[in-house]
Amino acid sequence: MPVGDLLGPVTVGDIAHGGHWICRVDGRVIFVRHGLSGDDVMIQITEEAKSFARADVAQVLTPGPHRVSAPCRIAGACGGCDFQHVAPDHQRELKRQVVAGLLAHTAGIDWSGEVEPVPPGPLGWRTRMRYQAAPDGRPGLRRHRSTEVVALPDAGCLIADPSIASVPRPVMAEVLAVAQEPSPVFLDAASAGRRVVRQQAAGREWQLAADGFWQSHAQAPDLLVRVVVEALAPQPGEVCFDLFCGVGLFAGAMVDRGCRVWGIEGNRHAVEFARRNVPQAQFIAGAVDRRLPGLPSRADLVVLDPPRSGAGKAVLERVAGLQPRAVAYVACDPASLARDLGHAQRLGFEVTWVRALDLFPMTHHVECVALLTRPATGT
Ligand SMILES: C[S@@+](CC[C@H](N)C(=O)[O-])C[C@H]1O[C@@H](n2cnc3c(N)ncnc32)[C@H](O)[C@@H]1O
């Protein structure tokens, strides 16, 4: 199946993790972007691997029942939204299937939850955008796995917060756009690290580098803090570790509930901001697995919010050694979460619940929060 080959008609099968649907042609598995179960389509091969191939839908011959016309004219060309052709309710159903499948197969967890919708809905939620210069100087976005830039339509990017849906000036190279009160900022990406932006969340003001990590959905900081605090039910005086703490979002919430808090974060710049944002907590710069042994040997509560690769076995072993009464694991990749929940169960934790939040509508991404507890020993 050489790259560029057109195949079909093909009936699209089930969803797989990563925004791909499974198709079979002559017994060979092909992972297809922009498909939808029940569609009959023509596909174009985009990548050939040893045991599978990747493809994109080139033409929809007969649409499946949940296919809609994408609200954005460049959906499918731009690499950002890979679910715009799916009815919003069904997007959440597909993510539910993916989360449930991963939890069942990787961690043996029988999950019967739903993916919870989050206001404002499928459009206008993203508070951070990186725009590139299209060949005609208009702001644009990169194609999937490509350096080619697709110019934004006149309406701008529909998933961006309306204040940053486009760039109010010609784009020279790359522009970072950040929605903040009272007005958004548009910065040359090369120098954005020197600019400080302000965000309001969880009853505090947060400062961070314009290009530093901050949850990208407008509601995510407040919502995730609420879910984590409800999960851990922190008590005054308890010791809490905020691991992968960024500029201290969860640390601040736990300090506000009277906890004694330590945070670890790999980005030194973020740690400087965390110290300013939450002066009542102690922050350590470095890799979590290396720095954790330098913290107190016991903790009552732990928040884990790792990057997509997950916390990993070594960190979970150290967390288990702290003997916390509860761990809140915030995850932007359900595959890494499922792998780590498997480790956590083997280390003696119980997975009390997993919630899935639709913090990345119009894309295949989904945020999960899991509560891990330690079964009572009866002593
Ligand atoms: C998903 S973000 C969470 C940040 C923060 N909890 C928040 O909500 O704003 C993950 C963070 O982990 C940091 N990080 C990635 N790998 C790390 C590691 N091995 N050790 C420590 N921090 C790491 C990143 O710099 C990033 O700030």
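Student: Where does Phe-244 lie in this predicted model?

Tutor: In this predicted model, Phe-244 is placed in the loop between strand 15 (239-243) and helix 3.

Student: Why is Phe-244 called buried?

Tutor: A residue is buried if 20 or more other C-beta atoms lie within 10 Å of its own. Phe-244 has 21 other C-beta atoms within 10 Å, so it is buried.

Student: What makes the phi of Phe-244 worth noting?

Tutor: Most residues other than glycine have a negative phi. Phe-244 is not a glycine, yet its phi is positive, about 65°.

Student: Which other residue, not a glycine, has a positive phi, and is it buried or exposed?

Tutor: Gln-323 has a phi near 55°, and its place is in the loop between helix 6 (313-321) and strand 19.

Student: Which residues come nearest to the ligand?

Tutor: Of the 18 residues around the ligand, the nearest are Phe-244, Gly-246, Gly-266, Asn-267 and Asp-305. Helix 3 (249-256) and strand 16 (260-265) each supply at least two residues of the shell. The shell divides into 12 nonpolar, 4 polar and 2 charged residues.

Student: How do you know that helix 3 is mostly covered?

Tutor: Of its 8 residues, 7 are buried. The buried residues include Leu-249, Phe-250 and Met-254. After helix 3 comes Gly-258, whose phi is positive, near 85°.

Student: What makes strand 19 largely enclosed by the rest of the structure?

Tutor: In strand 19 (residues 326-331), 6 of the 6 residues are buried, so the strand is largely enclosed by the rest of the structure. Both faces are covered: Ala-326, Ala-328 and Val-330 are buried on one side, and Val-327, Tyr-329 and Ala-331 on the other.

Student: In which sense do strand 18 and strand 19 pair, and over how many bridges?

Tutor: Strand 18 (residues 301-304) pairs with strand 19 in the parallel sense, over 4 bridges. Val-302 stands opposite Val-327 in strand 19.

Student: Which residues have the most contacts inside the largest nonpolar core?

Tutor: They are Val-228, Ala-328 and Tyr-329, in a core of 124 residues. Leaving out residues up to four places away in sequence, Tyr-329 touches Leu-304, Leu-337, Asp-340, Val-369, Ala-370 and Leu-372.

Student: Why are strand 1 and strand 2 said to stand at the edges of their sheet?

Tutor: The sheet is open, with 6 strands in the order 1-5-6-4-3-2 and mixed pairing. Strand 1 (6-11) and strand 2 (15-16) each have a single partner strand, so one side of each is left without a neighbour in the sheet. Strand 2 is joined to strand 3 (residues 20-25) by 2 bridges, and these strands run antiparallel. Ile-15 stands opposite Trp-21 in strand 3.

Terms used
Residues numbered from 1 in each chain as written. Predicted model: local features only at pLDDT ≥ 70, side-chain atom pairs only at ≥ 80, totals over all residues. Near = placed C-beta within 6 Å. Nonpolar A, V, L, I, M, F, W, Y, C, P; charged D, E, K, R; others polar. Pairing = 2+ DSSP bridges. Core = buried A, V, L, I, M, F, W, Y, C linked by C-beta atoms within 7 Å. Buried ≥ 20, exposed ≤ 12 C-beta atoms within 10 Å, placed from the backbone. Contact = placed C-beta atoms within 7 Å.
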